[in-house]
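The entries follow in the order in which I made them.

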Amino acid sequence: MIVILIFSFFLLLLGFAVFFNPKKYTQEFNSFSIIIPCRNEENNLTILLNSIDRVNYPKVKYEVILIDDASEDGTSEIIKQYCIRENNWHSILIREKNTEYKGKKYAIKLGVEKARFDNLIFTDADCRVPVNWLRSFNSYISENTGMIVGYSPENKVSDFRRFTQILTADFYCATINLGLPFSNNGRNLYINKKAYEKVGGVENIKYYTCGEDKLLLNLIKKTEYTIK
């Protein structure tokens, strides 16, 4: 009985924390650099890029940086087509996988170096974004915001997997709002470039095979920057 009560209290606490997420209501449009590493994503990339193209945000206020991380399929050709069509879309081609930086960290590194703006947003090539994507991030940014953790649905997944993804995202949201950030998901993530540089970017985590999103969160939470 005691275990049930404790668990119920824990669920109520998490439920309350999900809604304790104050926004900064502003008419100002911040500028964003959207960074998307891609490797062998020809079957997913078009869905994502079409969803970004429909985002309700001034195009002069954001750029899209697509990094082809040594793909062996038609990814580079899809990237090229979109970057030719859109003035605010840019591409980076990595011809061979970098063995020093594990996973997609080298692609992230190059994307951040090319970014013109301090507000960095990351998503994955197998996702899609809602039309209010950038407006949503914009409403949470303040001077000391280091990271904003969000949820982004993957394409072509079962209803059960999508349900578990939503539950996981809610759990991340609740623990962050309680001041106990411990994890996140890079499919929908904001990082302040200054906070990224303060923790050394991906240099200190380049030998980890994966988990750069969680690793960066745990580095940033040790600084004066906040996580939302």
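**Entry 1: a residue on the surface**

I began with phenylalanine 163, which counts as partly exposed because its relative accessibility is 47% (buried means under 20% relative accessible area, exposed over 50%, and partly exposed in between, with a 1.4 Å probe and protein chains only). This is a predicted model, in which local features need pLDDT of at least 70 and side-chain atom pairs count only at pLDDT 80 or more, whereas totals for chains, interfaces and linings use all residues. Residues are numbered from 1 along each chain as its sequence is written, and side-chain values use heavy atoms, with hydrogens and water left out.

I found phenylalanine 163 in helix H6, residues 159–177 (helices are DSSP runs of H or I with at least four residues, strands are runs of E with at least two, and both are numbered from the N terminus). Together with Phe160 and Leu167, Phe163 forms a nonpolar patch on the surface, and the accessible area of the three together is about 350 Å². For such a patch, residues need over 30% relative accessible area and no salt bridge; nonpolar side chains (Val, Leu, Ile, Met, Phe, Trp, Tyr) are joined within 5 Å, like charges within 9 Å. Accessible areas come from the Shrake-Rupley method with a 1.4 Å probe, and for residues only the protein chains shown count as cover.

**Entry 2: the whole chain**

I then looked up the totals and noted 8 helices and 7 strands. Of the 228 residues in the chain, 48% are buried. The chain exposes about 12100 Å², of which carbon and sulfur atoms supply 56%.

**Entry 3: the sheet**

The 7 strands of an open sheet follow the order E3-E2-E1-E4-E6-E5-E7, and their pairing is mixed (two strands pair if DSSP finds at least two bridges between them). E3 and E7 are the edge strands, each of them pairing on one side only. I checked E5 and E7, which run parallel and are joined by 2 bridges, and saw that methionine 147 stands opposite isoleucine 227 in E7.

**Entry 4: helix H8**

Which residues of helix H8 are buried? In this helix, residues 212–220, I listed Glu212, Asp213, Leu216, Leu217 and Ile220 as buried. Seen down the axis of H8, they fall within an arc of 140°, so they line one face of the helix (the arc is that of the directions from the helix axis to the C-beta atoms). Among the elements that cover them are helix H4 (105–114), strand E5 (145–149) and helix H7 (193–198).

**Entry 5: salt bridges**

I counted 14 salt bridges in the structure (a side-chain nitrogen of Lys or Arg within 4 Å of a carboxyl oxygen of Asp or Glu). In one of them, glutamate 63 meets arginine 116, with the closest N and O atoms 3.2 Å apart. Glutamate 63 lies in strand E2 (residues 62–69) and arginine 116 in the loop between H4 and strand E4 (119–123), so the pair ties together parts that are 53 residues apart in sequence. Is glutamate 63 buried or exposed? Glutamate 63 counts as buried, at 1% relative accessibility, whereas arginine 116 is exposed at 56%.

I also looked up aspartate 69 and lysine 97, whose side chains meet in a salt bridge of 2.7 Å, N to O. Aspartate 69 is buried, with a relative accessible area of 4%, while lysine 97 is partly exposed at 34%. Last, I noted a network of salt bridges that links Glu100, Lys109, Glu113, Glu203 and Lys206.

Notes: Contact = heavy atoms within 4.5 Å.
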